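Me: I have a model open and would like to learn how to read it. Could you walk me through it, feature by feature?

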Amino acid sequence: MAIPGDPTPRADLDAPDAASPERLPAFPLRVVQVFVSPLQLFDRLKENPAWFWALLLGGVLTSVAVAAVPPEVWTEMVRAQLLEAGQEVPPEMAGAGNIYRIGGAVASPIFWFVAAAIFCGIVTGVFAFVLGDRVGFRQVLSAYGHVMLIPALGSLLIVPLRIARRDPQLVLSVGTFVPGLEGYLGAFLNGLDLFSLWAYMLLGLAISRFEPRRSAAVACTVTVGVLVAFVGVVAIFQA
């Protein structure tokens, strides 16, 4: 507002500051944006790297997915693993399924947060210290927390399939479309969860929005490469 007698024009104090970052959408809207307009979401997260509620929701969804599988399905899985290892099935196996179910439901959110810290630390290290990008840990964590809602929701959606197949650890993976594979290759392809691949592709797109100098192709290659490398290491112990 101009002051009478002051020749210097002044901006209206009620006008928004063009240099200030855009306001972050409400959390429910951000959840929807992950699926319908992720790039718009990433542009907001660049200056407002919110992460806690997204991570918490992801952990809760995975916990619900574990708890939704009936105890008898967990019992069958444990019994099959013991028989495959050539061990005796104890007579008190009836209650083991419920222990695995409750234990898994409690541990899932904890693992969700720990895995987020590890993966985001690795990804941030690669981009910030190896490639020299201006990407912060909180930015990566905020994008990770949101995009990982995809596999979290995916785990809940395939609960009916897990019950039908009597396999509480079933995932929709690359190996799902290449049945019959065993050994390392089978474990590797079965570990490439399709929902996680989708999420890590979006994480790469997010980083390319945080750092305009980094192309989306390179960013996605790095993020998906981190996931593939991790699955490759885990598959060694599962083969």
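This is a predicted model: local features need pLDDT of at least 70, side-chain atom pairs count only at pLDDT 80 or more; totals for chains, interfaces and linings use all residues.

Me: How many helices and strands does the chain have?

Reply: Helices (H or I, at least four residues) and strands (E, at least two) are DSSP runs, numbered from the N terminus. Here you get 11 helices and 0 strands.

Me: What percentage of the residues counts as buried?

Reply: Buried means under 20% relative accessible area, exposed over 50%, and partly exposed in between (1.4 Å probe, protein chains only). In this chain of 239 residues, 41% are buried.

Me: How do I read two packed helices?

Reply: You describe the pair by the angle between the axes and the distance between the axes. Axes are lines fitted to C-alpha atoms, for helices over the stretch in contact, and angles run from 0 to 180 degrees between N-to-C directions. Take helix H6 (residues 137-147) and helix H7 (residues 149-157): their axes are 4 Å apart, at an angle of about 20°. Angles under 35 degrees count as roughly parallel, over 145 as roughly antiparallel, 65 to 115 as roughly perpendicular and the rest as oblique. So H6 and H7 are roughly parallel.

Me: Which residues of H6 and H7 make the contact?

Reply: Contact means heavy atoms within 4.5 Å. H6 brings Gly145, His146 and Val147, and H7 brings Leu149, Ile150 and Pro151.

Me: At what angle do H9 and H11 cross?

Reply: Helix H9 (residues 183-191) and helix H11 (residues 216-238) cross at roughly 135°, with axes that come within 8 Å. That makes H9 and H11 oblique to each other. On the H9 side, Tyr184, Ala187, Phe188 and Gly191 take part, meeting H11 residues that include Val228, Val231 and Ile236.

Me: How far apart are arginine 165 and valine 73 in sequence and in space?

Reply: Arginine 165 and valine 73 are 92 residues apart in sequence, and 9.1 Å apart in space, C-alpha to C-alpha.

Definitions and conventions
Residues are numbered from 1 along each chain as its sequence is written. Side-chain values use heavy atoms; hydrogens and water are left out.
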